[in-house]
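I opened a new page for this one. I will write down what I looked up, entry by entry.

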Amino acid sequence: MKILLVEDDIRLAETLAEALTDQLYVVDIANNGEMAWDCIKALDYDLMLLDVMLPEQDGITWCHKWRSHGYQMPILMITACDTISTKINGLDAGADDYIIKPVDLGELFARIRALLRRGHTTSFPILKWGNLQLNPSTYEVNYGNHPVNFTPKEYSLLELLLRNGRRVLSRSMIIDNLWTSETSPDEHTVKVHLRSVRQKLKAVGAPEDFIETIHGLGYRLKSLELLTQS
């Protein structure tokens, strides 16, 4: 899941981004509304964390602009002003929820999960493909009766493939979804992670081509029909 954090307090932004990254979210940081607009025009985000007090134009104004331009990702506003009028103005502008500073991380994670469930009804049920099962709530992966341990990035890569099934994902698409714009790696890194995922799946009985390479285009999961014949 990819989150855009719009916060002009650099120290707070980095702290929140680190905490969210530990929860296996991919986080981009924008320090003002203009930077955020550039980000959402270039990339798809699953959720936005938006500070109310931003330089030049406040978060409520920006929220209204983005909604008027058709952007529908859930928006969770962050504010130090715990007043009814501020909440009403934010909700009327198109925000989905509020959290008050100082931010409690447990509450933040819970509100994010709730918004993602609301906005993406398929976000949290167990993902299955043949004998493979991935539980997004517990970060557990099993192939048949065998648990498989992945690094956070390998897990995110496998989850992305499961959510797209037979859709071909190019290396650049994978990078856009799994890395921040500041830490974007070269395409060889994607190949290294894919090789490791394949090896770990093969070790517990999955076909070697469980993840197919479509030469010149990208990667996708092997068809369920062919998996049953393997």
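**Entry: leucine 43.** I began with the contacts of leucine 43, where contact means heavy atoms within 4.5 Å. Leaving out residues up to four places away in sequence, I found that leucine 43 touches Lys2, Asp28 and Asp176. Leucine 43 sits in the loop between helix H2 (33-42) and strand E3 (47-51). I noted how these elements are set: helices (H or I, at least four residues) and strands (E, at least two) are DSSP runs, numbered from the N terminus. Leucine 43 is buried, with a relative accessible area of 19%. Buried means under 20% relative accessible area, exposed over 50%, and partly exposed in between (1.4 Å probe, protein chains only). I also checked leucine 43 against serine 137: they are 94 residues apart in sequence and 25 Å apart in space, C-alpha to C-alpha.

**Entry: ground rules.** This is a predicted model, in which local features need pLDDT of at least 70, side-chain atom pairs count only at pLDDT 80 or more, and totals for chains, interfaces and linings use all residues. Residues are numbered from 1 along each chain as its sequence is written, and side-chain values use heavy atoms, with hydrogens and water left out.

**Entry: the cores.** Next I looked up nonpolar cores. Such a core is a set of buried Ala, Val, Leu, Ile, Met, Phe, Trp, Tyr and Cys residues joined through side-chain atoms within 4.5 Å. In soluble globular proteins, nonpolar side chains tend to be buried together. Which residues have the most contacts inside the largest nonpolar core? They are Leu158, Ile174, Leu201, Phe210 and Ile211, in a core of 31 residues. Several elements each supply at least two residues of this core, among them helix H6 (152-164), helix H7 (171-178) and helix H8 (187-203). H6 gives the largest share, six residues. I followed isoleucine 174: not counting residues up to four places away in sequence, it touches Leu157, Leu160, Leu169, Trp179, Val190 and Tyr219. Apart from this core lies another, of 23 residues, including Tyr45, Val52, Cys63 and Ile75.

**Entry: serine 196.** Serine 196 is in helix H8. Is serine 196 buried or exposed? It is buried, at a relative accessible area of 17%. Its side chain makes a polar contact with the side chain of glutamate 154 (2.5 Å). For a polar contact, I need a pair of N or O atoms within 3.5 Å; within protein, one must be able to donate a hydrogen and the other to accept it, and residues adjacent in sequence count only if both atoms are side-chain atoms.

- The peptide bond from lysine 101 to proline 102 is cis, with omega near -5°. I placed proline 102 in the loop between strand E5 (97-100) and helix H5 (105-119).
- Glutamate 56 is not a glycine, yet it has a positive phi of about 70°. Glutamate 56 lies in the loop between E3 and helix H3 (59-68). Glutamate 56 is exposed, with a relative accessible area of 84%.
- Tyrosine 139 is not a glycine either, and has a positive phi of about 65°. I found tyrosine 139 in the loop between E7 and E8. At 37% relative accessibility, tyrosine 139 counts as partly exposed.
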